[in-house]
Amino acid sequence: MKNETEITSANFEEVFKAYFGPLCNYVNSYINNWEGSREIVQGAFMKIWENKEDITITSSIKNYLYSTVRNRMIDGIRTDKKLEEYRNSISVDALVENPKDLDPYLLREEILKAVDNLKPKMKKIFSLSKFEGLTYSEIASFMNISKRAVEDNVARSLFLLREELKDNEELFG
Amino acid sequence: MITIEHRLHIDMSKVNEIDLLRYSQGKLSSEEANKVSKWLSSDPKHQQDYEAIQRIQSAATDLAGHRTFDVSTEWLTFQSKVSPGLSDYDVLQLVDHTADYKTKKKISDWAAVSSDNASVIDQYKSIGGALDGIRDYKRIDPSEAFEAFSKALTTVPFSKSPKNTPTPASPTKVPASTPSQLSPTGQVVTMKPEREESRSVFPLWMRYAAAACAVLLVGALVWINQPKPTTATLIASTQDEFITLSDGTEVRMNKGSELTYFVDVDRVNSRDVKLSGTGSFEIAPMEEKPFTVTADNLIGITALGTGFRVEDHPDFDKVVTITEGSIRAFSVEEEDVSIVLSAIESAGFRDGGFERIIEEEEVIYDGEPHTVIDVLDHLMKASSWRVISSPYTDFDGDATVMIDLDRPYEEILTILNEKQVLSFTELNCTGCYKVTKFVGEDE
């Protein structure tokens with residue numbers, strides 16, 4: 001997807017599926033409302049779909065989507081009555097001037113996919129550590145293995161994750 | 001590097017370069033050495049030549065002992081000595097933010113060795129940063145999200161081949177002018193007649209005598225063999241379906257209904273469609289081409305720029321209700337049996353004749369009690385997310401309302417508005433509404 005700079009009928013579904021989840025999570029990190037996040041992102045994609053012939057992407061699809069969704073979120077926070085409750089808790093100026101990056105959200109999506117490819121035991125240990133927040137001691141106790149074994153599994157998982165993701169330039173810039 | 005910056009001025013008839021070389025090596029006989037010595041002293045340039053040859057010889061001697069190295073290999077060797085590499089455990093501490101000073105320095109030193117190493121560390125740091133927030137990350141099924149998105153669109157985005165089996169779905173709109181773009185929700189069958197091609201070949205001797213006849217004959221053949229317009233059939237097999245015909249007419253079909261229509265209405269003289277079941281029509285104005293709906297081969301409805309609904313009814317074979325403009329409804333079997341209706345009249349057809357139906361204005365609030373929140377949930381799902389609402393906190397979570405949720409969602413909206421439970425405004429897509437807490441006209 002990195003080298004594509006055009007959103008067309010042919011690649012629209014692929015683009016949507018690749019970015020919808022990370023973009024929703026990105027928006028939700030600001031407004032903490034999943035329904036609102038989906039609406040904002042879906043609305044952005046609708047607009048893109050309707051105007052896809054007229055869109056000129058000068059950087060990358062990722063950057064274009066990021067800008068579109070972020071602007072839509074900013075407008076929504078400023079004007080949408082539905083998001084009024086966030087108007088006071090979110091500094092729109094901060095959002096405009098110092099926005100969060102989208103890359104961590106894209107990376108999280110890919111990490112989750114890559115974790116699915118780990119062997120079951122390694123996946124279990126890694127998930128308990130990183131997704132459930134258990135300490136290594138707690139995992140060791142839960143799985144009746146040594147703490148060192150837990151550490152080895154998590155370390156090995158990190159190595160394998162990096163191996164799977166390292167060539168994805170879009171994730172690491 | 002030794003460079004010879006002047007031309008040699010050796011008189012080859014007396015002394016040659018080999019003599020000079022051997023002279024420098026002390027390998028000449030006395031007589032030969034004297035000869036060279038005299039030659040050298042005869043001209044300062046000769047001495048310069050001799051010195052140049054000596055320098056070349058010296059460099060050649062050095063090169064004989066020169067050794068080349070594979071600098072890439074040497075560099076790797078150097079790197080391994082400078083930093084022995086990181087273990088998985090080092091990386092784990094980096095990602096977990098538990099590395100002590102010694103480990104951090106080890107990592108830093110390793111990263112500093114090369115840009116590749118630095119890149120590896122950056123990637124692990126990025127992964128670590130992503131993992132820090134991953135417990136708050138919600139994984140959204142992209143296929144489900146895309147399906148919901150597709151249904152919310154007023155037009156279908158992609159070209160797919162016609163499906164012969166219906167799939168469960170929510171209402172979508174299908175532009176009828178592009179038969180290859182089909183609703184993923186309903187069943188659209190595009191039937192193309194076989195194209196008959198023919199050629200006329202006339203014997204040469206007839207060319208001049210029958211030229212006019214040939215032109216007429218070819219013209220007739222071309223007319224006969226015009227590609228016949230295609231028709232399409234939309235079946236609302238499991239859900240209501242929306243469709244926009246090529247002339248802009250909008251049709252909503254209830255679940256279980258079937259509509260056959262001309263795909264390219266510009267190529268027909270009249271706009272004729274066939275409906276089986278229940279459908280609502282908003283006819284696009286086109287005075288030169290009347291729009292006629294034949295409903296279950298019982299009645300026909302001819303309209304010009306009007307809106308109407310044709311449906312089944314327990315007491316009639318068919319009922320027609322006009323929402324806008326006027327129509328003429330007639331019996332298919334006997335066209336003279338007809339009725340003209342204007343908005344907002346209704347007529348039922350039975351026993352071969354039409355009867356006007358006079359609706360009472362009273363609205364019947366039937367159904368079961370539901371909380372407003374449950375009704376909102378239902379509205380959003382039943383409309384395939386065409387209905388959106390303000391945050392639920394705007395509504396009284398304990399309030400209940402009597403409503404039949406089997407009604408079409410737009411009817412539910414109307415009823416709840418009349419009951420002053422909610423207000424709704426149309427959005428910029430067919431069947432789309434935004435629901436808010438009830439706002440009276442005076443507010």
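B:Asp88 forms a salt bridge with A:Arg156, with 3.9 Å between the closest N and O atoms; the term stands for a side-chain nitrogen of Lys or Arg within 4 Å of a carboxyl oxygen of Asp or Glu. Between chain B and chain A the count is 3 salt bridges.

This is a predicted model, in which local features need pLDDT of at least 70 and side-chain atom pairs pLDDT 80 or more, while totals for chains, interfaces and linings use all residues. Residues are numbered from 1 along each chain as its sequence is written, chains are lettered from A in the order in which they are written, and side-chain values use heavy atoms, without hydrogens and water.

Let's stay with the interface. The contact (heavy atoms within 4.5 Å) takes 46 residues from chain A and 38 residues from chain B. On the side of chain B that touches chain A, α7(B) gives the largest share, 8 residues.

Now to a sheet in chain B. Its 3 strands form an open sheet in the order β18-β21-β20, with mixed pairing. Strands are DSSP runs of E of at least two residues, and helices are runs of H or I of at least four, both numbered from the N terminus; two strands pair if DSSP finds at least two bridges between them. β18(B) and β21(B) are parallel over 3 bridges, and B:Ser389 stands opposite B:Val435.

| Helix | Residues | Angle with strand |
|---|---|---|
| α10(B) | 372-382 | about 145 degrees with β18(B) |
| α11(B) | 409-418 | about 130 degrees with β20(B) |

Methods:
Axes fitted to C-alpha atoms, helices over the stretch in contact; angles between N-to-C directions.
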